[in-house]
Amino acid sequence: MEDIFHWCREGNVIQVRVWLDDTEHDMNQGDDHGFSPLHWASKEGHLKIVELLIQRGARINATNRGDDIPLHLAAAHGHRDVVHLLLRNRADVNFVNEHGNTPLHYACFWGYQQIAEDLVTNGALISIANKDDHTPLDKTRGALAQRLHDLAVEQGQDLKRIHFKDQSMQGFKTRSRDATLSRYKGINIKDLTLITKIASTPSGETFRGRWQKNDIAAKILRIREFTSRISRDFNEEFPKLRIFSHPNILPVVGCCNSPPDLIVINQFMSWGSLYTLLHEGTGVVVDTSKALKFALDIARGMAFLHSLERIIPQYQLNSRHVMIDEDLTARINMADAKFSFQEKGRVYYPAWMSPEALTKKPADRNLEACDMWSFAVLLWELATREVPFADLSPMETGMKIALEGLRLSIPPGISPHLSKLIKICMNEDPGKRPTFDMIIPILEKMKR
C-alpha cells in the first residue's frame with residue numbers, strides 16, 4: 001500500500017494530493033501508533049500538506065494512541081504557522097492527552113514563547129494540571145511564566161488549579177473515527193455485535209452495533225428473494241459508496257455478504273438524521289445560523305458527488321438521508337443509496353422529489369437538476385422547521401405533485417434571500433435550475 005504517512009512526514013505535497021484524489025482513501029486513518037496523516041504533517045511542520053488535508057476534511061481533533069491531537073504535535077515542535085492554521089479550524093486548544101498535558105504544556109516545556117502566547121490568546125488555560133499536578137506555568141520559568149500569567153489575567157481566566165481526571169477508562173477517548181474502519185471492505189458477520197434497532201425503513205432495518213471497538217450503524221437490506229446474482233451485484237456496487245475523501249460525505253465503510261443477509265456498515269452518528277434533528281425533538285435548537293451551515297454542508301457534499309462519475313447505487317436527497325455528526329456537521333449518508341436490485345420504481349419520500357422525477361424514467365431525467373429540486377425542499381424544511389406536506393400520505397403527495405401541480409408555498413417571515421434561493425432551485429424548468437457549485441458561494445455569503 002502507498003505510504004501516505006511517509007509522504008506526509010517527508011512533505012511530498014504532490015504525492016499526497018494524488019493519493020487524496022482517490023475517493024476510497026481515508027485521510028483520517030491511523031498508522032500503527034494511531035497517527036493520522038494530519039498528525040504527521042503537523043509534527044513535521046509541512047504547512048501546505050496540513051492545509052490540503054484540512055481542505056479535504058481531515059479531523060482536526062483526531063487522537064493518536066497517546067491521545068495527542070495534531071495541535072499537541074505542532075506546539076511541541078515549534079511550528080507556529082501550523083498552530084495558527086489548526087486554531088483557525090477549531091482545534092481544541094485545551095485538549096488533554098493521556099498524560100494530562102495540553103498543547104500549552106508542551107509549548108512551555110520547550111520554551112516556544114510566541115506559540116505559548118498565541119495559545120493563551122486563543123483560550124488555552126494556564127491552570128490545567130497534568131498527571132503530575134503540573135500546570136503549563138510549572139513547565140517554564142522566569143519572564144515567560146510571568147508573561148503568560150499576565151495574559152491569562154487579561155483574558156479573564158479563573159486561575160484556580162484544575163486537577164487531572166483520568167477519563168481513559170470511561171470511554172471518552174476520541175480516536176480518529178474512521179481510522180480502523182476504512183481499511184476493511186468485507187466484514188465477517190460473526191465479528192459484528194448488533195445492539196439496538198434504531199430505524200426501520202422500506203429499504204431495510206438499521207441497528208446500532210459494535211465492530212472492532214468502533215460504534216457502527218449496520219443496515220440490513222430488505223430483499224424479497226436472495227439470489228446469487230443479487231450477491232454478485234451487491235459486491236460490485238457497494239465499494240462505490242466507500243467515499244472517504246469529503247467531510248460532508250458519510251461513507252459505507254464495509255459490508256457483510258452473508259446469505260440471506262446483505263448488510264452495509266457505516267460509522268454511528270449519535271445525533272441521527274437531519275430529519276430527526278429538525279422534527280423529533282433532540283434538544284438541538286436549529287437557528288438560522290445552524291440551518292445555513294447545514295445547507296452549506298449538504299450543498300458541498302452534493303457538489304462533490306456530482307463531480308464524480310454518476311454512481312450506482314442511486315442516491316435520493318432528503319433529510320432522512322443526511323446524518324449529523326457529533327460536531328453538528330451534515331454528512332450525506334451513502335448507506336441510504338439504493339442498489340440496482342432493490343425495488344425499482346418504488347417511491348417512499350415523494351415530498352422531496354421533483355415533478356419530473358415522479359413522472360419520467362431515469363434515462364429521461366436530468367439527475368443533477370432533480371437533486372437540486374430536492375435540495376430546495378431541504379432549504380424550505382430548514383427555514384420552516386416543518387415536514388413538507390405533512391398532512392398528506394406519501395401516495396397522495398406523489399400523485400398531487402406529479403399530476404395536480406402541488407407545490408410548497410413559502411410562508412411569510414422567511415429571509416427574502418433564502419426565499420429567492422428556494423424559488424430559483426425549484427424552477428419548473430429543470431434546465432434553469434442552478435448547479436451546486438453555483439449556489440455554494442451564495443450560501444457562503446448568506447452565512448456570514
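The dialogue below goes through several features of a predicted model.

Me: Where should I start with a single side chain, and is H25 buried or exposed?

Reply: Start with its place in the chain and its accessibility. H25 sits in the loop between helix 2 (13–20) and helix 3 (37–44). Its relative accessibility is 17%, and buried means under 20%, so H25 counts as buried.

Me: Which backbone atom lies 2.8 Å from a polar atom of the H25 side chain?

Reply: That atom is the backbone oxygen of W19.

Me: How do I read salt bridges here, and how many are there?

Reply: Look for a side-chain nitrogen of Lys or Arg within 4 Å of a carboxyl oxygen of Asp or Glu. By this rule there are 18 salt bridges. One of them pairs R56 with D21, at 3.0 Å from N to O. R56 belongs to the loop between helix 4 (47–55) and helix 5 (70–76), and D21 to the loop between helix 2 and helix 3, so this pair ties together parts 35 residues apart in sequence.

Me: Which residue forms a salt bridge with R59, and where do the two lie?

Reply: The partner of R59 is D325, with the closest N and O atoms 3.0 Å apart. This pair links distant parts of the chain, 266 residues apart: R59 is in the loop between helix 4 and helix 5, and D325 is in the loop between strand 7 (322–324) and strand 8 (330–333).

Me: Are R59 and D325 buried or exposed?

Reply: R59 has a relative accessibility of 14% and therefore counts as buried. D325 is buried as well, with a relative accessible area of 1%.

Me: What about the pair R232 and D233?

Reply: R232 and D233 form a salt bridge whose closest N and O atoms are 3.2 Å apart. R232 is partly exposed at 44% relative accessible area, while D233 is buried at 13%. As for networks, salt bridges that share partners join R59, D325 and R331 into one.

Me: How does sequence separation compare with distance in space for K290 and K447?

Reply: The two numbers are read side by side. K290 and K447 are 157 residues apart in sequence, and their C-alpha atoms are 9.1 Å apart in space. K290 lies in helix 12 (residues 288–307) and counts as partly exposed, at 27% relative accessibility. Leaving aside neighbours within four places in sequence, K290 is in contact with V284, V285 and L328.

Me: How do I read the pairing of a strand, and which strands are joined to strand 6?

Reply: Side chains in a regular strand alternate between the two faces of the sheet. For pairing, look at the bridges. Strand 3 (residues 214–221) is joined to strand 6 by five bridges and the two run antiparallel; I220 stands opposite I263 of strand 6. Strand 5 (residues 254–258) also runs antiparallel to strand 6, with five bridges, and N257 stands opposite L262. A hairpin of two residues connects strand 5 to strand 6.

Me: How many residues of strand 6 are buried?

Reply: Six of the seven residues in strand 6 (residues 261–267) are buried, which leaves the strand mostly covered.

Me: Which residues make the nonpolar surface patch of about 380 Å²?

Reply: The patch is made by M395, M399 and L403. L403 is in helix 15 (residues 394–403). Because exposed means over 50%, L403 counts as exposed with its relative accessible area of 61%.

Technical notes:
Residues numbered from 1 in each chain as written. Predicted model: local features only at pLDDT ≥ 70, side-chain atom pairs only at ≥ 80, totals over all residues. Heavy atoms only, no water. Helix = DSSP H or I, 4+ residues; strand = E, 2+ residues; numbered from the N terminus. Buried < 20%, exposed > 50% of the residue type's maximum accessible area, 1.4 Å probe, protein only. Polar contact = N/O pair within 3.5 Å; in protein donor to acceptor, adjacent residues only side chain to side chain. Patch = residues over 30% accessible without salt bridge, like charges linked within 9 Å, V, L, I, M, F, W, Y side chains within 5 Å. Areas by Shrake-Rupley, 256 points an atom, 1.4 Å probe, with all protein chains shown as cover. Contact = heavy atoms within 4.5 Å. Pairing = 2+ DSSP bridges.
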